[in-house]
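Subject: Two-chain model for your files

Dear colleague,

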Amino acid sequence: MSSSIANETVGSASVREGRTLWEMLTNTYVLYFVSLAGFFLLWDRVAYLHVFGDSLARPHVVAQKLYMLSQVKFAGTNLAGHIWVSTQRVLIGFGLASVIAVPLGLFMSLNQYANAIVKPIFDLFKPMPPIAWVSISILWFGIGEFSKVFIIAIGTFVPCLLNAYNGIRLIEPELYDVVRVLGGSRKDEIIQVSFPASFPAIFAGLQISLSVAWTCLLAAELMNARDGMGFLIKRGMDTHDPALVLGGMVLIAAMAWLSSLLISLLERKACPWKRSIENL
Amino acid sequence: MTAEPSPTLKIHCEDVSKTFIQKGHIGVPVIRDISLDVEENEFLVVLGPGQCGKSTLLRIIAGLETPDTGYVTLDGQPIVGPGPDRGLVFQGYMLFAWETVMGNVEMGLKLRGVPKHERREVAQHYIDLVGLTGFEKHYPHQLSGGMKQRVGIARAYANSPKVMLLDEPFGQLDAQTRMFMQKETARIWEHEKRTVVFVTNNIDEALFLADRIILMEGKLPGRIKREYVIGLPRPRDHAHKDILELRAMITAQTELVL
């Protein structure tokens with residue numbers, strides 16, 4: 001793909017001589033590179049000149065730190081171990097919440113009685129920022145695995161439910177008329193229209209939930225943990241090791257990005273009919 | 001009207017009225033005392049400007065709305081709800097975005113439990129008929145407006161309804177595509193005759209397609225103002241002198257109500 005664009009640029013440039021250099025410089029990919037290179041150079045310069053004292057590590061120091069951690073055990077396990085522990089927490093919390101919240105949201109939008117019973121309670125909890133649950137969950141469940149999973153599940157529950165719920169409520173009502181005119185029943189309306197039409201909204205909810213899940217994980221691990229990426233950041237802060245803090249941040253961002261990519265792939269598989277949106 | 005209905009009578013509307021009640025408002029009467037007959041395989045066009053209740057009349061025949069007074073019969077049987085004996089084509093296409101062209105066209109048969117290979121065959125026949133051969137695996141968003149409505153027409157046809165109801169089907173198309181789709185509609189109808197009730201606000205469309213035109217009053221509540229039998233042979237020419245003469249006549253009536 002990128003090579004074909006490059007070829008095109010070269011091809012048209014050879015026709016219109018004189019703009020060659022400008023066109024090459026304004027090529028999107030060239031600009032991407034300029035932007036990123038500029039960022040890392042600036043970072044390195046600022047760290048090298050000690051603008052923030054000794055609390056900003058140079059990029060290559062962060063990379064070295066991560067490489068070192070992947071080789072030796074640190075607080076009981078190596079880097080892969082820390083990543084896996086955190087990922088597990090997210091997967092369990094996010095998995096539990098979505099498995100309950102999505103069907104519940106669908107059911108609420110399809111059944112007015114279920115809606116009337118669940119909605120008031122849900123509306124009561126909805127505005128609560130998930131991080132607010134950190135302290136109470138430690139009081140309730142101690143500092144073990146469960147309290148971390150609990151916070152993540154609580155945080156991801158709301159966007160999962162809300163999107164599934166709205167996904168069905170925003171369906172064009174005439175689509176149900178189509179099913180009725182074709183001779184379908186209420187059950188057909190739900191299976192042929194409600195479910196498939198709400199898929200994109202459900203996946204949007206999963207995406208939001210996932211980013212909330214990583215936020216909650218970080219909050220829980222910063223508060224109390226003996227392992228995980230949040231623990232690395234906390235340990236870096238306590239021992240004044242900026243390379244470790246930044247390394248932990250980069251890792252969490254990378255994992256959040258990877259997991260979001262995974263949901264996107266799943267969505268593409270589940271909704272092949274959706275117009276593919278570029279640069280997601 | 002005679003007591004004995006004609007043997008080819010398909011749809012009969014008797015004094016149909018409908019008032020919509022909106023929250024906090026007094027009722028808006030949409031149509032009042034509409035009586036009309038549609039003969040078997042007749043192409044009836046209901047012509048009227050926007051907001052004259054013509055779509056409501058169509059939805060009542062489809063069974064999606066119930067009249068406040070009066071009744072509608074199909075083959076002598078009163079209409080109590082929607083059913084596969086009446087196919088409806090929507091102004092906004094209303095295709096299932098998650099189904100392919102094939103999936104959309106075969107939906108009615110699928111809902112009625114027709115086995116897969118059988119419904120594929122029927123659906124393919126109508127996809128071919130509306131000129132979408134080769135697009136079976138496309139999704140609606142990959143189609144142009146005209147093609148989308150072809151799918152809408154094929155979907156209604158594939159359910160083998162006795163009556164086809166079309167609600168301003170080409171209202172969202174550009175003028176050229178619209179004219180082309182009118183020709184296509186005439187061709188498809190000649191190929192597989194059905195009783196058709198076609199609602200439009202476009203006088204040229206009405207003159208091009210109709211066996212008979214019902215002109216509605218231009219304000220609410222909608223009533224029948226006049227009826228025109230168009231005995232001209234098909235395919236018709238928009239610029240034919242008889243058509244232009246009728247056009248002038250109907251336009252004069254329409255301007256009076258506007």
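The notes below take up the domains, the chain contact, the helix packing and the sheet.

First, the conventions. This is a predicted model, in which local features need pLDDT of at least 70 and side-chain atom pairs count only at pLDDT 80 or more, whereas totals for chains, interfaces and linings use all residues. Residues are numbered from 1 along each chain as its sequence is written, while chains are lettered from A and ligands numbered from 1 in the order in which they are written.

Domains. The bounds come from an automatic or database domain assignment, which divides chain A into domain 1 (2–56) and domain 2 (68–270); their centres, taken over C-alpha atoms, are separated by 36 Å. In chain B, domain 1 is made of 9–85 + 166–257 and domain 2 of 96–160, with 25 Å between their C-alpha centres. Domain 1 and domain 2 of chain B each give 12 residues to the contact between them, where two residues are in contact if their C-beta atoms, placed from the backbone, lie within 7 Å. The domain 1 side of that contact in chain B has 7 nonpolar, 3 polar and 2 charged residues; here Ala, Val, Leu, Ile, Met, Phe, Trp, Tyr, Cys and Pro count as nonpolar, Asp, Glu, Lys and Arg as charged, and the others, Gly among them, as polar.

Helix packing. In chain A, helix α4 (residues 59–71) packs on helix α12 (residues 242–270) at an angle of about 80 degrees, the axes being 9 Å apart; axes are lines fitted to C-alpha atoms, for helices over the stretch in contact, and angles run from 0 to 180 degrees between N-to-C directions. α4(A) is therefore roughly perpendicular to α12(A), given that angles under 35 degrees count as roughly parallel, over 145 as roughly antiparallel, 65 to 115 as roughly perpendicular and the rest as oblique. From α4(A), V61(A), V62(A), K65(A) and L66(A) meet residues of α12(A) that include A243(A), L244(A) and V250(A), and the residues of this contact divide into 7 nonpolar, 1 polar and 1 charged.

In chain B, the axes of α5 (residues 145–158) and α6 (residues 175–191) come within 10 Å and cross at roughly 25 degrees, so α5(B) and α6(B) are roughly parallel to each other. Among the residues that meet are Q149(B) and I153(B) in α5(B) and F180(B) and I188(B) in α6(B), and the contact has 4 nonpolar, 4 polar and no charged residues.

Sheet. Chain B has an open sheet of 6 strands with mixed pairing, in the order β6-β7-β8-β3-β9-β10; two strands pair if DSSP finds at least two bridges between them. Because β6 (86–89) and β10 (224–229) of chain B stand at the edges with a single partner strand each, one side of each is left without a neighbour in the sheet. The twist averages 15 degrees from one strand to the next. Within the sheet, β3 (residues 43–47) and β9 (residues 212–216) of chain B pair in the parallel sense over 4 bridges, and V45(B) has I213(B) as its bridge partner in β9(B).

With kind regards

Key. Helices (H or I, at least four residues) and strands (E, at least two) are DSSP runs, numbered from the N terminus.
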